[in-house]
Amino acid sequence: MALQPEYPATRYEPSPLVDLTTKAERERLSPSAVRAFFNIIARWGVRDEDARVLLGGMSNGPYYEMKKNPDRVLDTDRLLRISYLVGIFKALNILYSKKLADAWIALPNTNRIFGGQTPLAYMMKGGLPAMQTVRRLLDARRGGL
């Protein structure tokens with residue numbers, strides 16, 4: 001008889017997964033995600049052209065309409081992109097002073113991941129996988145790894 005490993009009892013339950021494929025979840029999360037995105041972009045000093053690239057290549061009209069009226073439902077891809085950016089923003093503000101946290105994304109970086117380019121340029125070129133890489137890098141630093 002093989003013994004199955006047992007996890008210790010805990011009063012904590014894992015957080016439920018958010019299903020971004022359901023319209024109800026996207027409706028619930030989108031307005032605050034859009035506001036957070038524009039607040040982060042402003043803090044980082046990202047140009048509108050670059051912000052549109054971070055959102056997956058949004059054209060001018062819909063971008064400025066979203067900026068003017070953030071109460072809209074985003075698709076799964078855009079919500080995921082904004083989620084990564086929020087996590088990056090949070091990690092930077094835990095790791096660094098406000099001034100450096102806001103400037104970090106636009107500073108050339110010697111880390112092998114970035115190869116001398118800025119994290120912003122890296123994420124614009126690499127899209128979602130690059131955003132995930134930056135988020136994981138900062139989360140690892142934050143966790144002391």
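These are my notebook entries on a predicted model of a protein.

**Entry 1: the whole chain**

I began with the secondary structure and counted six helices and zero strands. Reading from the N terminus, I wrote the order down as α-α-α-α-α-α. Next I looked up the extent of the C-alpha trace, which spans about 65 × 40 × 25 Å along its principal axes. How much of the protein counts as buried? I found 35% of its 145 residues in that group. I also looked at contacts between residues at least 6 apart in sequence, and 60% of these join residues at least 24 apart.

**Entry 2: helix α4**

I then picked α4, which covers residues 76–95. Does its length agree or disagree with what 1.5 Å a residue would give? The 20 residues should span 28 Å, and I found the end C-alpha atoms 29 Å apart, so the two agree.

My next search was for buried residues in α4. I noted R78, L79, R81, I82, Y84, L85, G87, I88, F89, A91 and L92. What do these buried residues pack against? My list has four helices: α1 (23–44), α2 (48–54), α5 (98–103) and α6 (119–142).

**Entry 3: α1 against α4**

I reminded myself that two packed helices are described by the angle between their axes and the distance between the axes. For α1 and α4 the angle is about 50°, and the axes lie 9 Å apart. Because of that angle, I put α1 down as oblique to α4. The crossing of α1 past α4 is left-handed.

Which residues make the contact? From α1 I listed R26, L29, S30, A33, A36, F37, I40, R43 and W44. From α4 I listed T76, L79, I82, L85, V86, I88, F89, L92 and N93. I sorted the residues of this contact by type and got 13 nonpolar, three polar and two charged. Going back to my buried list for α4, I spotted L79, I82, L85, I88, F89 and L92 there, and these residues also take part in the contact with α1.

**Entry 4: a look at L128**

What does L128 touch, leaving out residues up to four places away in sequence? I wrote down D77, L80, R81 and Y84. Of these, R81 and Y84 were already on my list of buried residues in α4. I also checked L128 against P62: they are 66 residues apart in sequence, and their C-alpha atoms are 20 Å apart in space.

Note on methods: Residues are numbered from 1 along each chain as its sequence is written. This is a predicted model: local features need pLDDT of at least 70, side-chain atom pairs count only at pLDDT 80 or more; totals for chains, interfaces and linings use all residues. Side-chain values use heavy atoms; hydrogens and water are left out. Helices (H or I, at least four residues) and strands (E, at least two) are DSSP runs, numbered from the N terminus. The expected span of a helix is 1.5 Å times one less than its number of residues. Buried means under 20% relative accessible area, exposed over 50%, partly exposed in between (1.4 Å probe, protein chains only). Contact means heavy atoms within 4.5 Å. Axes are lines fitted to C-alpha atoms, for helices over the stretch in contact, and angles run from 0 to 180 degrees between N-to-C directions. Angles under 35 degrees count as roughly parallel, over 145 as roughly antiparallel, 65 to 115 as roughly perpendicular and the rest as oblique. A crossing is left-handed if the near helix is turned anticlockwise from the far one by less than a right angle, and right-handed if clockwise. Ala, Val, Leu, Ile, Met, Phe, Trp, Tyr, Cys and Pro count as nonpolar, Asp, Glu, Lys and Arg as charged, and the others, Gly among them, as polar.
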